[in-house]
Amino acid sequence: MTDIKAFLKHYDGPALSLMEVCGTHTASISRCGIPSMLSPQIHLISGPGCPVCVTVTAYIDRLIALSLEPGCTVVSFGDMLRVRGSRENLQDARARGGHVTMVYSPMDVLPLAVQHPDTCYIFAAVGFETTTPVYALLLQECIQRNIQNVKLLTALKTMPPVIDWLCTTRSGKIDGFLAPGHVSVITGSRIFEPLAQRYGLPFAVSGFEGDEILSALYALVKLRRQGKVYNLYPQCVTHDGNEQAQKLVNTYFEPVAASWRGIGSIPHSGLQLRREYAQYDAGSSGLTADHEANRQCRCKDVLVGAIAPHQCPLFGSVCTPDTPCGACMVSTEGSCFHYFQNRRGMS
């Protein structure tokens, strides 16, 4: 590890921009002070790896409307409650009478649904490949137990299509990818091979400890311009991934075009319930509108690595974790949140 650190610190080759596309990697990079360990020739940029951050405002607006319907309760993780739609967030809706409940696991909705059969519980099903199997398990459990008062409002996305979009729209501006470890546990490292080959870029699947990330960055620098995938997280990630989880997801969900906050629609980048399970859908289709409440917010540029969070004019002054303007500052997986918390780029 000493040699790896020395190499990264004193690297004097061509300037490289390496993107992490996982919110947990962003958190670890900031927390461990990794940018200070790198040569000025190595630039780390964050990508659209925070599921809350890439959820469009129309989806939030739909959740708010459902929370205000008689007999309905929206169930969500905590981060989603503070993300603003076109005008307000779920916390605002709850303050004016909306029914909103925070949980720590999708499965927490089951006892609520059993105890209150006259209430329809709508779960805000947001996430990437990592969390989608849990929503499939929730649906399976509802079917097996004949629980009919649980529905999903889905904003589920998949990682390879958005990376493909990044490689196309930001061609020549990204030299390698720190591939998401959690996603790769489900999908396997093979999911990134077509992209690596198509664009001639290296992908390094990494864990989340500081030394693991440094090793992955070392691999990306040493093997630049090589279109290969390197699995540096073999204790958790295999080539083919969790095939049982993949089968479960494919049973209940199918690929569709999805809208990404600040990016737009990307073909085949989302998952929706299959037609035979439409009765469990709370109206997920057609949620494409995306309107930032504050037009100076540059979350859309942060999400694609066009700017660093501290380059947004609102960062650290108007926009803080206590007074967030954009989703990237709300979520604990958001780039802006971690840049602020760790004073990254602020000195």
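Q: Two strands pair if DSSP finds at least two bridges between them; which residue in strand 5 stands opposite Cys 72?
A: This is a predicted model, in which local features need pLDDT of at least 70 and side-chain atom pairs count only at pLDDT 80 or more, while totals for chains, interfaces and linings use all residues. Residues are numbered from 1 along each chain as its sequence is written, and side-chain values use heavy atoms, with hydrogens and water left out. Strand 3 (residues 72–76) and strand 5 (residues 120–127) run parallel and are joined by four bridges, where strands (E, at least two residues) and helices (H or I, at least four) are DSSP runs numbered from the N terminus. In strand 5, the residue opposite Cys 72 is Cys 120.

Q: Which strands stand at the edges of the sheet, each with a single partner strand?
A: The sheet is open and has six strands with mixed pairing, in the order 4-3-5-6-11-10. An edge strand has a single partner, so one of its sides is left without a neighbour in the sheet, and this holds for strand 4 (100–102) and strand 10 (253–260).

Q: What angle does the direction of helix 8 make with that of strand 11?
A: Angles run from 0 to 180 degrees between N-to-C directions, the axes being lines fitted to C-alpha atoms, for helices over the stretch in contact, and contact means heavy atoms within 4.5 Å. Helix 3 lies across strand 3, strand 4, strand 5 and strand 6, and runs at about 170° to strand 6. Helix 8 (residues 159–169) also packs on the sheet, where it touches strand 6, strand 10 and strand 11, and its angle with strand 11 is about 180°.

Q: How are the rings of Phe 177 and Phe 203 arranged, stacked or tilted?
A: Rings of Phe, Tyr and Trp (its six-membered ring) pair if their centres lie within 6.5 Å, and planes under 30 degrees apart count as stacked, over 60 as edge-to-face and the rest as tilted. By this rule there are ten aromatic pairs. In the pair of Phe 177 and Phe 203, the centres are 4.9 Å apart and the planes are 20° apart, and the pair is therefore stacked.

Q: Is Tyr 11 buried or exposed?
A: Tyr 11 sits in the loop between helix 1 (2–10) and strand 1 (16–20), and its C-alpha is 8.9 Å from that of Val 221, although the two are 210 residues apart in sequence. Buried means under 20% relative accessible area, exposed over 50% and partly exposed in between (1.4 Å probe, protein chains only). Because its relative accessible area is 7%, Tyr 11 counts as buried.

Q: What is the phi of Asn 146, which is not a glycine?
A: Asn 146 is placed in the loop between helix 7 (132–144) and strand 6, and at 55% relative accessibility this residue counts as exposed. The phi of Asn 146 is positive, at about 55°.

How values were computed
Pairing = 2+ DSSP bridges.
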